[in-house]
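Please work through the following exercises with the sequence and the coordinates side by side. Each one sets a task and is followed by a solution in steps.

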Amino acid sequence: MRTSAHTPEAANAMNFTLVQLRYFVAAAQHRSMTGASRELMVSQSAISAAIAHLEREFGVQLLVRHHAKGLSLTTSGERFLGEARGLLGHADEMAASAKAFGGSLRGRLSLGCADPIAPFCLPPLLAEFAARFPDVEVRMADGADDGSLRDRLLEGGCELALMYDLGNGAEALDGELLAQVPPHAIVPPGHPLAGEKSVSLHALAGDPLILLDLPHSRDYFASLARRAGVSPRIRFRSRSTELVRALVAAGQGFAILNHRPATDATYDGGRVVALELTDDLPPLPLILAQARGVRPTRRAAAFAAVCREWFLRPPLRAT
């Protein structure tokens, strides 16, 4: 409902600027007035005054000042940080759209991707997005697990993230299902079952397991073993998918993975054999996630459309 300038609603309207929001975001990111001052090339007093103004306007404390130990965010400050980043992102998009006079998309898109997914999906997706929208600068936040990506989304550090839906903090995110990625086993070429097309986990239970030991992923793999009624002995753990594959190729055990590379070769010249699993095991849902309740920018919506189209093309490239 539109109100006139004489209504009580107008009298109580918040009075703050985008500059003040940028000062707050910088201070929150650096956890320091000094760091924010250096980044923005303004005085610390200007940043402090801007944050004090925001706290008065909204009636909440956003930051706690620690003598000689920088700043920390209050609970309200953490929530406000995400909202402020979202508003600044939309303001940047509005400015870019105005400059383009309705032409192609411009500006910056912050994108996150979980480590196990990135090598399989990101290169072709980024190449296709760049071909369609060459004026959009994509900044990637890779090198992350699903938990840290969730935090970045909620804090506004990235707009979208390709990740698995493992149920950790899902209530705070909106996710669009892009693919269901089933688990499979890999064994060395000399394994007695290497000539089979598919096996059960029971048939591999006597072999040592090379575990892809990532947060939340390890729980998923443990749930698969419980569901199949086996308790494999873990010989090695690694956060690197390629190291897991190389250890299997070297005859150190078998592994359970989800994404399947286009080649069976490993970095060191070895080879693994992929086997389908006959057990009734749940696949991993691969989603494009964003913070719940945050309106996506046009850039984010465009990237989501590219993802949607790419994952629908046969054959499914995520497997």
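**Exercise 1.** In this predicted model, determine the strand order of the open sheet of four strands, and work out which strands stand at the edges.

*Solution.* Begin with the order of the open sheet, which reads β8-β12-β7-β11, and note that the pairing is mixed. Next, look for strands with a single partner: β8 (198-199) and β11 (255-257) each have just one, so one side of each is left without a neighbour in the sheet. As background, strands of a sheet pair through backbone hydrogen bonds, in either a parallel or an antiparallel manner. For β8, the partner is strand β12 (residues 273-277), to which β8 is joined by two bridges, and the two strands run parallel. At the level of residues, V199 has L277 in β12 as its bridge partner. Finally, helix α10 (residues 241-249) packs on the sheet, where α10 touches β7 (184-187) and β11, and the direction of α10 makes about 145° with that of β11.

**Exercise 2.** Describe how α3 and helix α4 pack, giving the angle, the distance between their axes and the residues that meet.

*Solution.* Two packed helices are described by the angle between their axes together with the distance between those axes. For α3 and helix α4 (residues 44-58), the angle is about 110° and the axes lie 9 Å apart. Because angles from 65 to 115 degrees count as roughly perpendicular, α3 is placed roughly perpendicular to α4. The handedness of the crossing of α3 and α4 is right-handed. The contacts can then be listed from each side: α3 contributes M33, T34, A36, S37 and L40, which meet Q44, I47, S48 and I51 of α4.

**Exercise 3.** Decide whether S37 is buried or exposed, and find which backbone oxygen its side chain reaches.

*Solution.* First locate S37, which belongs to helix α3 (residues 33-40). Its relative accessibility is 14%, and because buried means under 20%, S37 counts as buried. The side chain of S37 reaches the backbone oxygen of V42 at 2.5 Å. Once neighbours within four places in sequence are left aside, the residues in contact with S37 are V42, S43, Q44 and I47.

Terms used: Residues are numbered from 1 along each chain as its sequence is written. This is a predicted model: local features need pLDDT of at least 70, side-chain atom pairs count only at pLDDT 80 or more; totals for chains, interfaces and linings use all residues. Side-chain values use heavy atoms; hydrogens and water are left out. Buried means under 20% relative accessible area, exposed over 50%, partly exposed in between (1.4 Å probe, protein chains only). A polar contact is a pair of N or O atoms within 3.5 Å; within protein, one must be able to donate a hydrogen and the other to accept it, and residues adjacent in sequence count only if both atoms are side-chain atoms. Contact means heavy atoms within 4.5 Å. Two strands pair if DSSP finds at least two bridges between them. Axes are lines fitted to C-alpha atoms, for helices over the stretch in contact, and angles run from 0 to 180 degrees between N-to-C directions. Angles under 35 degrees count as roughly parallel, over 145 as roughly antiparallel, 65 to 115 as roughly perpendicular and the rest as oblique. A crossing is left-handed if the near helix is turned anticlockwise from the far one by less than a right angle, and right-handed if clockwise.
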